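Here is a short briefing on one chain. Keep the sequence and the 3D view open while reading.

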Amino acid sequence: MPQPRPSPAPDAKQIDAKPLDPMALAFDEARAAADRGEVPVGAVVTRDGTVLASAGNRTLEFKDPTAHAEMLALRLACEAIGSERLTGCDLHVTLEPCPMCAAAISFARIRRLYFGASDPKGGAVENGVRLYASPTCHHAPEVYGGLRESEAAALLRSFFQGRR
Ligand SMILES: [Zn+2]
């Protein structure tokens, strides 16, 4: 009996033709994190329009308070290019980074930081310590905040409401 042929993905070309949307990928990672019971934050590192790494929060799974999406994405990207510096790379994250991640982004020499919702309680870019404005910060990325902010905020809100 002839085996059914795997049908070619009809929209494969269409997918390829679409411009890369790293923030959409970051949201996918955030939703996947929520499905694992983690705080829904996702991060993606790109260079020259290519995704080097993507990750979601895994602090519970790894029992590691540093396993924020940004930290994991930075580590994976560094592994991918074999360097501790991500010069010319951009980071896309669904939530304003915390002080730890903001510092790691600086140390990694990330070129541009794109984030979704601002985080008045835990953020360190526009809120809190505003790390990149500090004189002890030796590399500040260009910052673009408030991207798909309502979607990012809704994702977090529904997660925390579900936990109550
Ligand atoms: Zn963080």
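The notes below go from the overall fold to single residues.

The model is predicted. Its chain holds six helices and five strands. Along the sequence they follow the order α-α-β-β-α-α-β-α-β-β-α. Of the 164 residues, 37% count as buried. Among contacts between residues at least 6 apart in sequence, 56% join residues at least 24 apart.

**Nonpolar core**

- The largest nonpolar core has 40 residues, and Ala-43, Val-45 and Ala-73 touch the most other members.
- Eight elements each supply at least two residues of this core: α2 (22–35), β1 (42–47), β2 (50–56), α4 (69–81), β3 (90–95), α5 (99–107), β4 (112–117) and α6 (149–163).
- Leaving out residues up to four places away in sequence, Ala-73 touches Ala-43, Val-44, Val-45, Ala-53, Ser-54, Ala-55 and Leu-91.
- As general background, nonpolar side chains in soluble globular proteins tend to be buried together.

**Packing of α4 and α5**

- A packed helix pair is described by the angle and the distance between the two axes.
- The axes of α4 and α5 come within 9 Å and cross at roughly 20 degrees.
- Angles under 35 degrees count as roughly parallel, so α4 and α5 are roughly parallel to each other.
- Their crossing, α4 with α5, is left-handed.
- On the α4 side the contact uses Glu-70, Met-71 and Leu-74; on the α5 side it uses Cys-101, Ala-104 and Ile-105.
- The residues of this contact divide into five nonpolar, no polar and one charged.

**Leu-95 in β3**

- Is Leu-95 buried or exposed? Leu-95 has 29 C-beta neighbours inside 10 Å, so it counts as buried.
- Leu-95 sits in strand β3.
- Beyond residues up to four places away in sequence, Leu-95 touches Val-41, Phe-115, Gly-116, Ala-117, Asp-119, Ala-152 and Leu-156.
- Leu-95 and Gly-145 are 50 residues apart along the chain, and 8.9 Å separates their C-alpha atoms.

**Pro-97 in the loop between β3 and α5**

- Pro-97 lies in the loop between β3 and α5.
- Pro-97 counts as buried because it has 28 C-beta neighbours inside 10 Å.
- Which residues does Pro-97 touch, not counting residues up to four places away in sequence? They are Glu-70, Ala-102, Ile-105, Phe-115, Gly-123, Ala-124 and Val-125.
- Glu-70, touched by Pro-97, is also one of the α4 residues that meet α5.
- Pro-97 and Ser-118 are 21 residues apart in sequence, with 8.5 Å from C-alpha to C-alpha.

**The loop between β4 and β5**

- Glu-126 has its place in the loop between β4 and β5.
- With 16 C-beta neighbours inside 10 Å, Glu-126 counts as partly exposed.
- Glu-126 touches Glu-96, Ser-118 and Gly-145, not counting residues up to four places away in sequence.
- Glu-126 and Glu-96 are 30 residues apart in sequence and 7.9 Å apart in space, C-alpha to C-alpha.
- Val-129 also lies in the loop between β4 and β5 (142–144).
- Val-129 counts as partly exposed because 15 C-beta neighbours fall inside 10 Å.
- From C-alpha to C-alpha, Val-129 and Cys-98 are 9.5 Å apart in space, and 31 residues apart in sequence.

**Positive phi**

- Most residues other than glycine have a negative phi.
- Lys-63 is not a glycine, yet has a positive phi of about 50 degrees.
- Lys-63 is placed in the loop between α3 (59–62) and α4.
- Lys-63 counts as exposed because it has 8 C-beta neighbours inside 10 Å.
- Arg-130 has a positive phi of about 45 degrees, although it is not a glycine.
- Arg-130 lies in the loop between β4 and β5.
- Arg-130 has 13 C-beta neighbours inside 10 Å, so it counts as partly exposed.

Terms used:
Residues are numbered from 1 along each chain as its sequence is written. This is a predicted model: local features need pLDDT of at least 70, side-chain atom pairs count only at pLDDT 80 or more; totals for chains, interfaces and linings use all residues. A nonpolar core is a set of buried Ala, Val, Leu, Ile, Met, Phe, Trp, Tyr and Cys residues joined through C-beta atoms within 7 Å. A residue is buried if 20 or more other C-beta atoms lie within 10 Å of its own, exposed if 12 or fewer, and partly exposed in between; C-beta atoms are placed from the backbone. Helices (H or I, at least four residues) and strands (E, at least two) are DSSP runs, numbered from the N terminus. Two residues are in contact if their C-beta atoms, placed from the backbone, lie within 7 Å. Axes are lines fitted to C-alpha atoms, for helices over the stretch in contact, and angles run from 0 to 180 degrees between N-to-C directions. Angles under 35 degrees count as roughly parallel, over 145 as roughly antiparallel, 65 to 115 as roughly perpendicular and the rest as oblique. A crossing is left-handed if the near helix is turned anticlockwise from the far one by less than a right angle, and right-handed if clockwise. Ala, Val, Leu, Ile, Met, Phe, Trp, Tyr, Cys and Pro count as nonpolar, Asp, Glu, Lys and Arg as charged, and the others, Gly among them, as polar.
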